[in-house]
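These are notes for a colleague who is opening this entry for the first time. Please read them with the sequence and the structure side by side.

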Amino acid sequence: MMGLYVANLSFQPATRHHPADVAPRSMFPRPCRVHNRSGRMRCVAAAPSMVDSKTRPGEKKGFVEEMRFAAMRLHTRDQAPKQGQKEAPEQPAEQPLRQWQPTREGYLRFLVESKEVYNTLESIVTDAQHSDYARFQSTGLERSAALAEDIAWMQQEYALPATEPGDDGPGLAYSSLLRELAEKDPPAFLCHFYNIYFAHTAGGRMIGTKVAQMILDSKQLNFYKYDGDYKPMLDGVRQALNDVAEGWTREQKDHCLDETMMSFRYSNGLLQCIAQPQ
Ligand code: HEM
């Protein structure tokens with residue numbers, strides 16, 4: 001079952017594993033470094049019997065391509081006709097965009113709840129509790145400042161009241177998950193980091209355009225604008241993710257890929273504010 005939604009949009013993901021239940025890094029077989037014939041270091045798994053040898057889709061192009069495959073599979077066919085594999089929508093936000101019924105109040109709520117999530121992501125990489133996270137500072141993809149401007153604009157333009165993230169809303173629920181994972185489970189945290197920022201440049205921008213046509217007189221919000229071309233920014237993050245994942249065992253990589261479903265579940269919780277506002 002996917003995320004469970006109860007009255008007034010309170011957000012309770014149903015089946016989240018607690019990060020403490022996830023094996024800590026030290027429980028995975030450690031890679032050991034050996035020299036190959038050319039004298040270059042290479043990584044081999046310390047316990048090959050625990051690692052299954054099948055090649056993952058995308059593996060040859062680098063770990064981010066594996067993450068992309070994992071994400072594309074979880075799209076519905078309507079969302080991504082070429083690569084989406086999910087037949088039937090399970091959450092309101094998985095319904096085709098043409099069936100969404102956005103309102104300005106709901107969209108403002110989406111921006112406010114999303115800002116909570118981006119604030120959290122951006123403070124986690126600024127604090128860089130794990131040194132790898134410092135690689136993800138100032139990527140150019142940060143969205144908090146743009147969201148603050150859009151929220152102020154929506155309130156003024158449409159005379160909407162100031163809004164805070166709901167105590168039981170999707171923004172705080174996602175933020176607390178991200179904080180826990182960032183501390184205890186870096187591969188899972190980086191799965192969310194990848195999906196949130198990359199999804200926003202793909203489906204996120206499609207949603208922004210469509211919803212703007214429906215309720216904002218086609219005004220393009222700052223949330224969907226970047227300071228220059230965002231593609232080199234994505235390339236930079238791709239490179240950093242690939243580098244960090246080089247230090248992971250196959251089990252840690254698979255664990256990161258397995259987290260993709262949670263990323264969809266929580267992001268769909270945010271999108272529900274637009275798809276089916278209450
Ligand atoms: C209405 C919802 C959504 C729509 C319409 C949508 C649509 C798309 C489309 C059209 C692409 C590009 C496919 C291609 O490269 O050919 C894409 C890519 C992607 N989407 Fe979604 N998506 C949605 C929701 C999500 C969600 C909830 C997530 C995860 C949180 C997600 C994660 C991704 C990722 C990681 C990519 C790859 C981006 C890249 O490689 O640059 N999407 N999506």
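**Notes on the model**

1. Overall make-up. The chain has 8 helices and 4 strands. Going along the sequence, the pattern is β-β-β-β-α-α-α-α-α-α-α-α, and this is a predicted model.

2. Burial and contacts. The chain has 278 residues, of which 34% count as buried. Among contacts in the chain with a separation of 6 or more, 73% come from residues 24 or more positions apart.

3. Ligand surroundings. Which residues are the closest to the ligand? They are Ala71, Ala199, Ala202, Gly203 and Ser267, out of 20 residues that surround the ligand. Two or more residues of this shell come from each of helix 1 (63–73), helix 5 (186–215) and helix 8 (260–275). Helix 5 gives the most, with 8 residues.

4. Sorted by class, the residues around the ligand are 10 nonpolar, 8 polar and 2 charged.

5. Helix 2 against helix 5. Helix 5, which gives the most residues to the ligand shell, also packs with helix 2 (residues 104–127), at an angle of about 160° and with the axes 13 Å apart. Because angles over 145 degrees count as roughly antiparallel, helix 2 is roughly antiparallel to helix 5. The crossing of this pair is left-handed. On the helix 2 side the contact is made by Arg104, Tyr107, Val117 and Leu121, and on the helix 5 side by Phe193, Ile196, Val211 and Ile215. By class, this contact of helix 2 with helix 5 has 7 nonpolar residues, no polar ones and 1 charged.

6. Helix 4 against helix 8. Helix 8 is one of the elements that give two or more residues to the ligand shell. What is the angle at which the axes of helix 4 (residues 170–184) and helix 8 cross? They cross at roughly 160° and come within 9 Å. That angle makes helix 4 roughly antiparallel to helix 8, and the crossing is left-handed. Helix 4 makes the contact through Pro170, Gly171, Ala173, Tyr174 and Leu177, while helix 8 uses Tyr266, Gly269 and Leu270. The classes in the contact of helix 4 with helix 8 are 6 nonpolar, 2 polar and no charged residues.

7. Points to keep in view. Helix 5 belongs to the ligand shell and packs with helix 2. Helix 8 likewise gives residues to the shell, and its axis crosses that of helix 4.

Terms used:
Residues numbered from 1 in each chain as written. Predicted model: local features only at pLDDT ≥ 70, side-chain atom pairs only at ≥ 80, totals over all residues. Near = placed C-beta within 6 Å. Nonpolar A, V, L, I, M, F, W, Y, C, P; charged D, E, K, R; others polar. Axes fitted to C-alpha atoms, helices over the stretch in contact; angles between N-to-C directions. Parallel < 35°, antiparallel > 145°, perpendicular 65-115°, else oblique. Left-handed = near helix turned anticlockwise from the far one by under 90°. Contact = placed C-beta atoms within 7 Å. Buried ≥ 20, exposed ≤ 12 C-beta atoms within 10 Å, placed from the backbone.
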